[in-house]
Amino acid sequence: MAKKILSEYMDIACKLVRGVFYRPRFSPCGKLLRVGHGVRVLKKAGTIAIGDKVQLYRQVKLSCWGAEEQRANLTIGSGTAIGDRTEIHCGKQVEIGQNCNISWDCCIMDRDYHKLDSDEETFRPVKIGDRCWIGCNSIILKGVTLGEGAVVAAGSVVTKDVPPRTLVGGNPARVLRENIEWKA
């Protein structure tokens with residue numbers, strides 16, 4: 001039992017030490033950043049701002065790839081946890097609120113990475129409100145706003161705005177229940 005407790009403390013300590021080395025990649029960066037093994041931060045002509053007590057689990061990818069004429073801004077609020085292998089792709093604006101739980105293998109993007117019938121790629125900001133919960137294997141597409149306290153069921157593809165305190169699920173996501181409450 002003591003060995004297990006010691007192992008857990010060592011794991012937390014390693015994540016906090018790793019967080020110290022990742023701090024220069026974020027501006028500003030809050031206190032107590034915990035970073036899992038294999039986290040990738042890709043940044044060009046952009047800013048990644050992280051609040052206090054943020055947890056980035058193993059192999060999370062944060063891509064903030066803007067252009068000189070259009071800088072990218074990725075913001076992650078305090079108390080937010082981002083699960084294993086989740087990817088966030090920001091070409092213009094992605095904002096994640098405070099105390100959000102984003103599960104493993106999710107993808108959040110404000111761009112398509114291609115030009116279709118146009119000379120320019122289109123970007124539309126993504127805003128995830130405070131206390132949102134996004135289930136595993138979910139995709140949040142460009143131009144989506146999740147209201148405060150919204151819940152996205154596992155495996156959902158969110159293409160439209162989600163009102164506050166609403167549960168959505170499916171492909172494409174549709175409203176399953178309204179006026180929900182959940183506790184972190």
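Lys61 touches Arg40, Leu42, Thr86, Glu87, Ile88 and His89, leaving aside residues up to four places away in sequence. Contact here means heavy atoms within 4.5 Å. This is a predicted model: local features need pLDDT of at least 70, side-chain atom pairs count only at pLDDT 80 or more, and totals for chains, interfaces and linings use all residues. Residues are numbered from 1 along each chain as its sequence is written, and side-chain values use heavy atoms, with hydrogens and water left out.

Lys61 sits in strand β5 (residues 61-65). Helices (H or I, at least four residues) and strands (E, at least two) are DSSP runs, numbered from the N terminus. Lys61 is buried but has no salt bridge. Buried means under 20% relative accessible area, exposed over 50%, and partly exposed in between (1.4 Å probe, protein chains only). A salt bridge needs a side-chain nitrogen of Lys or Arg within 4 Å of a carboxyl oxygen of Asp or Glu. For Lys61, the nearest side chain of opposite charge is Glu87, 4.4 Å away. In that count Lys and Arg are positive, Asp and Glu are negative, and His and the chain ends are not counted.

Now look at charges that do pair. The structure holds seven salt bridges. One of them joins Arg58 and Asp84 (3.7 Å, N to O). Arg58 lies in the loop between β4 (55-56) and β5, and Asp84 in the loop between β7 (81-82) and β8 (87-90), so the pair ties together parts that are 26 residues apart in sequence. Arg58 is partly exposed, because its relative accessible area is 46%. Asp84 counts as buried, because its value is 18%.

Another salt bridge joins Lys142 and Asp112, with the closest N and O atoms 2.6 Å apart. Lys142 is in the loop between β14 (139-140) and β15 (145-146), and Asp112 in the loop between β11 (107-109) and β12; they are 30 residues apart. Lys142 is buried at 12% relative accessibility, while Asp112 is partly exposed at 29%.

Strands β18 (residues 166-169) and β19 pair in the antiparallel sense over four bridges. Two strands pair if DSSP finds at least two bridges between them. Gly169 has Arg174 in β19 as its bridge partner. Four residues lie between the strands, and Gly170 takes a positive phi near 110° in this hairpin. How many of the five residues of β19 are buried? The count is zero, so strand β19 (residues 174-178) is hardly covered.
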